[in-house]
Amino acid sequence: SFVVFFFFFFKQKTAYEMQRGLVGSEMCIRDRYQRRVHGIYFVRKMGRMHSWGKGISRRCLPYKRIPPSWLQLSVQDLSEQICKLARKGMTPSQIGVLLRDSHGIPQVKYITGSKILRILKKNGLAPKIPEDLFHLIKLSLIHI
């Protein structure tokens, strides 16, 4: 007599195969999507929260694009406050951070309809060179 045995080996799933099924302690391992270019799949590195891996942190804007109901500040008052802060020498990003942290204004654009830099340009208070270029020049001067 002849006996045949079949063995089935199940491969353990990796984080790439589980994708959205990560729970509990596995939540610190995030998966990036695969991208296909000319028939070749490029898999991004997995981001890890507690190590030097590629993370997936990104900007998270408020969902509602309307001013908060508790905000009692008019458009004119907010524009004047932005201009006053710019006259003190603050950059547009510093003004945005101050308004967000101190005054509870999530996004100036949702209240005024225009961004901080456009408000400053309208009032003639915009910086002469863009803020990111200014910081690159400043950084290069430090290293000379």
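Lysine 121 counts as exposed because its relative accessibility is 57%, where exposed means over 50% relative accessible area, buried means under 20% and partly exposed lies in between, with a 1.4 Å probe and protein chains only as cover. Before I go on, please keep in mind that this is a predicted model, in which local features need pLDDT of at least 70 and side-chain atom pairs count only at pLDDT 80 or more, while totals for chains, interfaces and linings use all residues. Residues are numbered from 1 along each chain as its sequence is written, and side-chain values use heavy atoms, with hydrogens and water left out.

Let me turn to the chain as a whole. Its secondary structure comes to six helices and four strands, and along the sequence these follow the pattern α-β-β-β-β-α-α-α-α-α; helices here are DSSP runs of H or I with at least four residues, strands are runs of E with at least two, and both are numbered from the N terminus. Of the 144 residues in the chain, 17% are buried.

Back to lysine 121, which has its place in helix α5, residues 116-122.

Threonine 112, in helix α4, residues 108-112, is by contrast buried, since its relative accessible area is 18%. A polar atom of the threonine 112 side chain lies 2.7 Å from the backbone oxygen of serine 114.

Finally, the salt bridge, which is a side-chain nitrogen of Lys or Arg within 4 Å of a carboxyl oxygen of Asp or Glu. By this rule the count comes to one, and it joins the side chains of arginine 100 and aspartate 101 at 2.8 Å, N to O. Aspartate 101 is exposed, at 52% relative accessibility, whereas arginine 100, with a relative accessible area of 45%, is partly exposed.

Definitions and conventions. A polar contact is a pair of N or O atoms within 3.5 Å; within protein, one must be able to donate a hydrogen and the other to accept it, and residues adjacent in sequence count only if both atoms are side-chain atoms.
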